[in-house]
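Subject: Structure handover and notes

Hello,

Here is the structure for your files. My notes on it follow below.

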Amino acid sequence: MTDNSTWYRDAIFYELYVRAFRDDNRDGHGDLRGLLSKLDYLQWLGIDCIWLLPIYPSPLKDDGYDIADYYDIHPDYGTLEDFKALVKGVHERGMRLIVDLVMNHTSDQHPWFVESRSSKDSPMRDFYVWSPTNTRYAQARVIFVDTEESNWAYDERTGEYYWHRFYSSQPDLNYDNPKVQQAMLDVIRFWLELGVDGFRADAVPYLFEREGTNCESLPETHEYLKRVRRFIDENFPGRILLAEANQWPEDVLAYFGDGDEFHMAFHFPLMPRLFMALALHDRTPIVNVLAKTPSLPDETQWCIFLRNHDELTLEMVSEEEREFMWSYYAPDPRMRLNLGIRRRLAPLLDNDRRKIELLNSLLFTLPGSPIIYYGDEIGMGDNISLPDRNGVRTPMQWSAGKNAGFSEADELYAPVNDDEVYGYRKVNVDAQRDDPGSLLNWTRHIIRVRKSLPALARGTIRLVDVGDEAVLAFWREVADQKVLTLHNLADSEREVSLDLSDLGGAEVKDEVSGQGIGVAVADFKAHLPPYGYLWLSFSDGGVG
């Protein structure tokens with residue numbers, strides 16, 4: 001593994017749920033040893049960094065985001081020794097590993113909170129945010145609107161209320177307490193000493209509360225996060241922080257600081273607009289959100305994604321757009337959750353290979369490091385009969401054998417998908433590895449092509465108006481490499497004319513197919529089939 005300190009800017013990330021990936025000890029739950037046995041697959045696919053959802057001891061009221069012990073592994077997943085073996089295996093294959101760090105809150109079963117609620121005089125009382133009334137911080141929104149009416153929960157033992165931004169079983173830590181700040185730095189040190197390459201930091205906008213504000217992204221929050229970054233840079237250089245801040249890109253910019261806060265942050269508002277543009281056959285939603293996306297400090301990067309372990313969030317769209325997205329992509333009310341859609345990529349796109357490739361092409365060419373959600377590389381489906389977000393967290397489909405090759409157990413944590421379209425007998429890794437034309441092999445190919453084009457990882461972006469609202473075209477440029485990408489969002493053929501006269505007769509090549517498609521001229525014609533895409537490179541590296 002190289003010592004490239006900005007490795008994350010070129011990386012292909014892969015998000016996986018350990019419980020769902022591979023069961024080694026035959027108890028029906030995926031575990032760390034099972035993941036270790038599948039690292040060769042991820043290396044073959046071209047993954048650079050694995051992101052693990054929470055693996056800590058937890059009562060699992062929020063699937064592990066309610067942590068009961070920051071210093072151990074959930075027994076379903078294995079032991080700290082198993083984790084060390086996993087880190088070693090990842091690094092031996094030239095990959096990296098980041099883990100979820102839930103900084104804002106703990107489980108109500110965490111010993112800190114158990115002690116904090118035992119008495120108003122407890123020495124741990126100030127580890128959490130307590131109040132004699134439930135009227136403080138009234139301007140803070142309720143995030144889980146489907147299940148929580150308030151951000152305050154009453155504690156009968158002490159007769160006071162505690163603050164929580166998510167479920168009431170997840171009390172918020174009190175970052176005004178210096179001991180809490182130090183405790184989280186101690187947690188960070190522990191995992192970095194075990195060899196993790198960084199953290200996806202969960203729910204970072206909510207660390208501090210102040211009266212008269214919405215209690216999000218406060219100056220005190222940024223001050224502490226910069227302290228976390230300094231601690232990591234000074235003690236563990238080359239490790240990264242990835243921010244989960246579901247906000248507009250101009251607001252997320254603050255989380256990069258001056259290059260001294262987060263290395264990366266998710267670009268949440270981009271994601272629903274990719275789906276919206278596809279549904280409308282119109283590039284405008286993407287163009288508009290890119291126009292609102294500021295330049296980032298040097299050596300920082302967006303993380304972009306199509307789907308993940310949560311619902312497809314529609315917080316960052318208008319009410320009219322939300323209703324359109326719900327009616328188009330989630331006509332069954334069971335497909336909806338909070339302000340979003342709880343579906344996987346392939347079902348969202350009607351299992352249309354053309355649409356799946358098109359959105360992945362956008363994922364791999366727009367600015368940012370792409371994240372693939374486990375199973376999307378083979379077109380896995382979902383199970384909307386399962387509650388909450390569980391429908392997109394079903395077992396990975398490895399083979400057509402028992403339990404999709406996920407486990408030898410007779411009873412699993414969740415049923416494998418077994419429907420006619422997405423069932424494991426049809427959709428699985430083994431079958432697709434043997435099929436050169438499969439989605440899996442296409443995904444592996446597109447990853448390799450992207451890695452050969454540094455402009456797609458680190459380049460600037462410049463939109464091109466080709467006179468057709470259904471076609472999104474943009475240049476990605478870095479140093480002496482320039483790539484022009486074209487995406488047809490419509491279900492009909494498109495032909496666009498491009499002025500490539502500045503390229504001086506360079507040979508034009510589509511990098512995805514590997515085929516030459518002409519010579520750069522003033523009136524270059526590019527043909528795009530329905531939902532087609534092109535990644536064009538030019539033999540002399542001329543200016544676009």
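To begin with strand 7 (residues 198–202): 5 of its 5 residues are buried, so the strand is largely enclosed by the rest of the structure. Please keep in mind that this is a predicted model. The burial applies to both faces of strand 7, with Gly198, Arg200 and Asp202 buried on one side and Phe199 and Ala201 buried on the other. As background, side chains in a regular strand alternate between the two faces of the sheet.

Strand 7 has two parallel pairings to report. Strand 3 (residues 96–102) runs parallel to strand 7 and is joined to it by 4 bridges. In this pairing, Asp100 stands opposite Arg200 of strand 7. Strand 8 (residues 240–243) also pairs with strand 7 in the parallel sense, over 4 bridges. Here Phe199 has Leu241 of strand 8 opposite. Between strand 7 and strand 8 the chain passes through helix 7 (residues 219–235), and this β-α-β crossover is right-handed.

Strand 12 is joined to strand 13 (residues 340–341) by 2 bridges in the antiparallel sense.

Arg336 lies in strand 12 and stands opposite Ile341 in strand 13. Leaving aside residues up to four places away in sequence, Arg336 touches Trp326, Ser327, Ala330, Pro331, Ile341 and Arg342.

Last, a helix pair. The axes of helix 9 (residues 270–280) and helix 13 (residues 353–365) come within 11 Å and cross at roughly 135°. The two helices are therefore oblique to each other. The crossing of helix 9 past helix 13 is right-handed. Which residues meet between helix 9 and helix 13? Helix 9 contributes Leu274, Phe275 and Leu278, and these meet Lys355, Leu358, Leu359 and Leu362 of helix 13.

Regards

Conventions: Residues numbered from 1 in each chain as written. Predicted model: local features only at pLDDT ≥ 70, side-chain atom pairs only at ≥ 80, totals over all residues. Heavy atoms only, no water. Buried < 20%, exposed > 50% of the residue type's maximum accessible area, 1.4 Å probe, protein only. Pairing = 2+ DSSP bridges. Right-handed = clockwise from strand over helix to strand, strands pointing away. Axes fitted to C-alpha atoms, helices over the stretch in contact; angles between N-to-C directions. Parallel < 35°, antiparallel > 145°, perpendicular 65-115°, else oblique. Left-handed = near helix turned anticlockwise from the far one by under 90°. Contact = heavy atoms within 4.5 Å.
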